[in-house]
Amino acid sequence: MGQTESEIRLYGIAASPGVAIGAVLVIGTEMLKVEKKTIPAKAVSAELDKFDTALAKSMSDVEKIYDMAAVTHGEEAAQIFNVHKAMLSDPMLVEETRKIIKNDKTNADYAFSFVMDKYITILQGFQDELFKARAVDVQDLKRRVIRYIRGESQRQLARIGAPVVIFATELTPSDTVQLEKSNILGFATDYGARTSHATILARSIGVPAVVGLNSAAKVMRDGITVILDGDEGLCVINPSKKSLALYKKRYDAYISLEKRLESIKALPARTLDGKDLALASNIEFPEEADHIRELHGDGIGLFRTEYLYLAGPTEPTEEQQLNDYKHIAEQVGGKPVIIRTFDLGGDKPPVSLSLPVEDNPFLGVRGVRLYRDSGHELFRTQIRAIVRASIFGDVRIMFPMIACVSEVHYCKNVVKEIQAELDQEGIPFKENIPIGAMIEVPSAAATADIIAKECDFLSIGTNDLIQYTTAVDRGNKNLDYLYQPYNPAVLRLIHQTIKKGHQQGTWVGMCGEMASDPLMTMVLIGMGLDEFSVSPVSHLLIKQIIRLVDFHACERSAETALDFSSTDQVQTYLKNLCYENFPDLLRS
Ligand code: PEP
Ligand code: MG
């Protein structure tokens, strides 16, 4: 495609913020074709040997990539390969493959592919992008092992000699760490999600990424110019002079903002008139904790533990979880770590439990509702691991999808039982582990005072609170107009939750996406929110806003915002408010 061709604009998912302008380097990901072949009985043992050798070679590769990633991309990126290592030595995967080779007398690459595909299908079947994204990792590993079984060489990515925007249909973690960091301007992919490893790596490198572009592969060629807008999820291919000039300006503004924000890293999240706010981070993977300390924040306000349950074909053991929780607690150096017990069920069924199919999974057996029956043992195991991890730092427990206080009673009783059990076994733990509830169901918001009485803290989950308040599936793109954080009903529920929590002397945080929305920061401070738990990339921006505003002015803004009758009015007001107070901080 030459410069004379017209500009193409493709919209995807805004995965990592920032602006990149540069030439494209396409990285191809070929599809592996695997055929089933019947082998003679006498060839079975040779086939098993091929499989074992392929596993050993893959393990050695993954170990090397781990070391390389640790040096070039830091611990966070490297930890991803620990998941690969765990899968390669997972007895279920290995034994099932061996069984198929032996019993079906079939080729090793087919047997391994069959086992991996079952697992990939489960992951791809989830609605939640977090779990879908894990399928890419499993594919990555599958390709590596199969290439070794067939005696083929592994894909080596060429050294990148000049700054480029990487484009791939799909970017695997091993691709990403092999790339030379210094010359990468950004990432664009056809597949991928906000929570895929490639996205996390892009964020850890600190370059913009737009994923889920669907059809970019058709037009991407080495050397064509693209603009990536990681805030808007936009990829402009072969941009016009006008677009280039516009984005060059945005790029310059972005870089100067990043530089300014760097300078407040070590400063407190304190308003102009001296009110201190807790500013914590949300993480999805244990390895993400490695960079949290550098943010000088208030630890982790939400660790979504669901991924642990889908990282392998079996549920994580108590010891595995203990290791992960200990790692996180130690990484954040004594700061709070709020571990949310698994929010599985609904659209994210745990792999090992066969739950009944439900008509409305989001209204079904999800989160805490799973802990009573089929998920009881899983819950007990997780609580044992969390309680045991309490000796390694300031570990706290939070329960998801609380709809009424009896669910809190139930969970607290399990915690007590586990503590008694550990006591008897002589296993150490901290007695007074703080316990909190997520407020993300309207019935919980309406009874936040009753729930707060039973808890050490509350954390508002706006992603679900908006969904359940407006009766809109949070993933339904057709009802975007209704799924709105600025809906007056949502604002009232948040305000009431904070007030009711405070009446009981319980602090109230927010870990839903709204906490990372710069338009909402002033109003949330004014409502009295105690803690903001935000995605690490938004951390400094939210801190800077906190540092630029006056608490009493925020209180007035909250009062005004709560008075409007429509979402549009609230949104217009918030935009004007932010442009008045910190115009140069708004990225789009
Ligand atoms: C929420 O609902 O706002 C939340 C933080 O939880 P999740 O997004 O994991 O459902
Ligand atoms: Mg939620």
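Okay, let's start at ligand 1: one of its oxygen atoms sits 3.4 Å from an N or O atom in the side chain of R366. Keep in mind that this is a predicted model.

How much of ligand 1 does the protein cover? It's 98% of the 280 Å² of accessible area that the ligand has on its own.

So who's in that shell? Strand 10 and helix 14 are the elements that give two or more residues, and helix 14 gives the most, with 3. By class, you get 7 charged, 4 polar and 3 nonpolar residues.

Which residues are the protein donors of the magnesium ion, ligand 2? They're E440 and D464, at 2.0 to 2.1 Å. Those two are 24 residues apart in the chain: E440 is in the loop between strand 13 and helix 12, while D464 belongs to helix 14. Buried or exposed, these two? Both are buried.

Last stop, strand 14, residues 457–460. It pairs in parallel with strand 13 over 4 bridges, where M438 stands opposite S459. Strand 15 also runs parallel to strand 14, again joined by 4 bridges, and there I460 faces M510. In a regular strand, side chains alternate between the two faces of the sheet. Here F457 and S459 are on one side, L458 and I460 on the other, and all of them are buried.

Definitions and conventions. Residues are numbered from 1 along each chain as its sequence is written. Chains are lettered from A and ligands numbered from 1 in the order in which they are written. This is a predicted model: local features need pLDDT of at least 70, side-chain atom pairs count only at pLDDT 80 or more; totals for chains, interfaces and linings use all residues. Side-chain values use heavy atoms; hydrogens and water are left out. Buried means under 20% relative accessible area, exposed over 50%, partly exposed in between (1.4 Å probe, protein chains only). Two strands pair if DSSP finds at least two bridges between them. Donors are N, O and S atoms within 2.8 Å of the metal (3.2 Å for Na, K and Ca); water is not among the atoms, so sites may look incomplete. A polar contact is a pair of N or O atoms within 3.5 Å; within protein, one must be able to donate a hydrogen and the other to accept it, and residues adjacent in sequence count only if both atoms are side-chain atoms. Accessible areas come from the Shrake-Rupley method with a 1.4 Å probe; for residues, only the protein chains shown count as cover. Ala, Val, Leu, Ile, Met, Phe, Trp, Tyr, Cys and Pro count as nonpolar, Asp, Glu, Lys and Arg as charged, and the others, Gly among them, as polar.
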